[in-house]
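Colleague: Before we discuss particular residues, I would like to see the model itself. Please display it.

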Amino acid sequence: MSSSRCVSLISRQAFSKQSHARSYLASKVIARYLATQKAPRSPLAALDTFPNRHIGPDDKELSHMLGQLGYESMQAFVADTVPPKIRVASTSVDDSSIPALSEAELNQRARELAHTNKAFTSYIGMGYHNAVVPPVILRNIMESPAWYTPYTPYQPEIAQGRLESLVNYQTMIMSMTAMDIANASLLDEATAAAEGMVLSYVSSNQKKRSFFVDRGVLPQTLDVLKTRAKGFGIRLVVGDVFADLKDESLRADLCGVLVQYPNVDGSVADYASVAEYAHSNGALVVAATDLLALTMLKPPGEWGADVVVGNSARFGVPAGYGGPHGAFFACTEKLKRKMPGRLIGRSRDVEGKPAYRLALQTREQHIRREKATSNICTAQALLANMAAMYAVYHGPTGLKRIATKVHLLTNTLKTSVEQLGFKITNPEFFDTLTIDVTGAVADAGVLELRHPRRPPTHLRVPPAPRLQLAPLRDRDDALNSTSSMVPLTWPEFGAVHPFVPKDQVEGYAQIIKELEDDLCKITGFHACSLQPNSGAAGEYAGLSVIRAYHESQGEGHRDICLIPVSAHGTNPASAVMAGLKVVPVKTLADGSLDLVDLKAKAEKHKDNLAAFMITYPSTFGVFEDGVQDACQIIHDNGGQVYLDGANLNAQIGLTNPATC
């Protein structure tokens with residue numbers, strides 16, 4: 001499969017239980033092998049290199065494992081594991097193409113890039129705030145490898161600490177929004193709003209397709225809604241919720257309404273009448289909100305919202321040039337079975353002791369597959385836990401004091417601005433003012449000022465949270481590279497707003513470009529996007545690109561996606577979200593792809609074939625011999641191939657998606 005034909009690749013970190021042992025061998029042992037194949041290092045070369053510190057097996061252990069598998073050498077193992085026709089020269093990805101840095105060199109390089117960013121106090125707002133991270137949380141969670149390095153908590157036996165903290169997060173969200181149930185976080189506010197839109201559509205039994213979005217919703221949220229709506233055939237209607245919602249042309253087809261509370265210009269409105277009207281027409285109300293504002297405002301659940309979403313980053317998570325941040329999703333009791341994402345519940349272990357685990361429809365894609373309406377199978381565990389600990393640390397009284405101070409300072413600014421003769425266009429506000437500056441500046445118009453919260457001087461660090469962090473922290477197992485995480489908390493990276501001018505983020509731009517270039521070298525592709533913020537989001541993005549490609553070729557009717565029955569559950573869910581129809585492909589008794597069935601179904605649907613999704617190595621951890629034949633079958637019948645990079649680590653230095 002040529003790199004010009006295979007449209008998209010994602011890099012996922014998950015792997016199935018079946019491939020656990022083999023993936024470990026491929027990623028750890030082969031990594032050690034590749035690391036030792038380079039020319040001898042000078043005695044004066046850096047000693048704090050990553051292979052020696054972070055690739056576990058040494059030569060003796062490597063030989064022992066190979067012996068247990070019946071191989072005398074790594075060359076023999078690789079020759080028997082990876083089909084020769086897809087092998088690439090090991091020099092295709094090495095120090096000459098992607099320079100390796102020691103830990104000290106990495107720190108120095110990060111400092112150089114950080115200095116080219118400019119961390120100014122931001123008044124932009126737009127859903128992103130200058131959050132203050134309390135020192136106890138900064139030191140004991142954000143900078144603690146025990147909290148920031150563990151993989152997503154699928155295994156409750158090694159994640160009790162994080163799971164218990166996530167229950168605190170869920171409880172906090174339920175309390176502040178006045179909702180019946182909340183999940184353990186989503187990836188970002190815009191995605192959460194899109195999930196709310198789809199839930200509204202599904203709740204109408206997929207019969208009503210109009211979703212009304214108030215013009216006060218954040219622009220980045222609206223952009224995501226437009227993309228997501230297309231795959232489901234949802235009609236977005238944008239307007240003034242108080243003036244345009246009651247249009248008769250909407251009444252019979254209305255499935256839901258989205259409002260921002262407070263909205264993008266800072267206005268605080270009473271949406272009770274909106275909720276009443278929506279409910280009278282069988283529609284749901286989704287409210288996107290600000291947790292800090294909710295300490296002073298009436299909770300959405302009390303004025304009629306059915307779903308409440310938002311971003312929890314304001315509770316002690318740095319802006320970080322836009323993320324990552326933990327979003328939240330809460331809903332009423334009657335909608336809980338349709339709620340996307342994870343839910344943490346309390347149960348009992350085999351000894352009858354209390355224990356936390358993933359509950360309800362978590363990872364529903366593995367059960368419902370192409371019938372699932374959401375591909376969300378993960379959460380922002382670290383960031384949600386930071387927000388949860390922020391709430392525990394300050395407590396209800398402390399949070400309200402912070403909000404009161406923010407609001408009073410905004411009032412002070414309002415008074416000063418009005419004394420200068422300017423008009424505030426949003427009389428009801430929390431922390432954001434929109435100022436009419438017509439005639440006062442060269443560019444006449446409206447200026448929005450959003451108050452940047454400063455650290456409160458009246459709060460002190462109590463000892464209790466630290467003690468709680470240590471019972472919880474020690475109940476998890478984790479290990480990762482500390483040196484790679486250190487720059488995360490530097491203000492030049494952490495305190496940068498995503499909407500600042502480009503000349504303030506030259507360091508970020510360089511990092512993004514270098515990573516894109518490196519991933520192109522590793523995969524053999526011509527271009528790379530870092531937009532997706534999870535594996536499932538990458539699937540959706542890749543399939544959306546394939547659909548756009550077909551449309552550009554005048555073949556927008558192509559809507560069939562072939563997916564092996566052994567594929568990760570999010571694959572068929574993502575395909576449906578992208579507006580594709582899933583046709584399953586059989587696998588053989590050993591788990592490998594049934595090429596005969598693939599060929600038959602590709603030819604059957606050749607007039608409408610859009611894509612084929614394949615994981616390589618497979619979910620069983622196997623480098624299948626027929627991968628190139630499979631890709632050729634798809635291309636011969638007009639389709640494109642999407643390669644799920646769940647096991648990409650096992651390819652590096654041995655093969656790449658473009659060669660496959």
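The dialogue below goes from the whole chain to single residues.

Modeller: This is a predicted model, in which local features need pLDDT of at least 70 and side-chain atom pairs count only at pLDDT 80 or more, while totals for chains, interfaces and linings use all residues. Residues are numbered from 1 along each chain as its sequence is written, and side-chain values use heavy atoms, with hydrogens and water left out.

Colleague: What is the mean pLDDT of the protein chain?

Modeller: pLDDT is the predictor's confidence in each residue, from 0 to 100. For the protein chain the mean is 85, and 85% of residues reach 70 or more. Over residues 1-28 pLDDT stays under 50, and the model has 81 contacts there beyond four places in sequence; a contact means heavy atoms within 4.5 Å. Residues 452-467 also have pLDDT below 50, with 29 contacts in the model beyond near neighbours in sequence.

Colleague: How many helices and strands does the protein chain have?

Modeller: Helices (H or I, at least four residues) and strands (E, at least two) are DSSP runs, numbered from the N terminus. The protein chain has 23 helices and 17 strands. Of contacts between residues at least 6 apart in sequence, 73% join residues at least 24 apart.

Colleague: Is Thr-655 buried or exposed?

Modeller: Buried means under 20% relative accessible area, exposed over 50%, and partly exposed in between (1.4 Å probe, protein chains only). Thr-655 is buried, because its relative accessible area is 2%. Thr-655 belongs to the segment after strand 17 (640-645). Leaving aside neighbours within four places in sequence, its contacts are Ile-86, Val-88, Phe-623 and Cys-660. A polar atom of the Thr-655 side chain lies 2.6 Å from the backbone oxygen of Ile-86.

Colleague: Which residues does Gly-345 touch, not counting those up to four places away in sequence?

Modeller: They are Ala-355, Tyr-356, Arg-357 and Ala-359. Gly-345 is in strand 9 (residues 344-348), and it counts as buried because its relative accessibility is 18%. Leu-358 is 13 residues from Gly-345 along the chain, and their C-alpha atoms are separated by 6.1 Å.

Colleague: Why does Ile-512 count as partly exposed?

Modeller: Ile-512 counts as partly exposed because its relative accessibility is 34%. Its place is in helix 19 (residues 506-523).

Colleague: How many residues does the protein chain have, and what percentage of them count as buried?

Modeller: The protein chain has 660 residues, of which 53% count as buried.

Notes. Polar contact = N/O pair within 3.5 Å; in protein donor to acceptor, adjacent residues only side chain to side chain.
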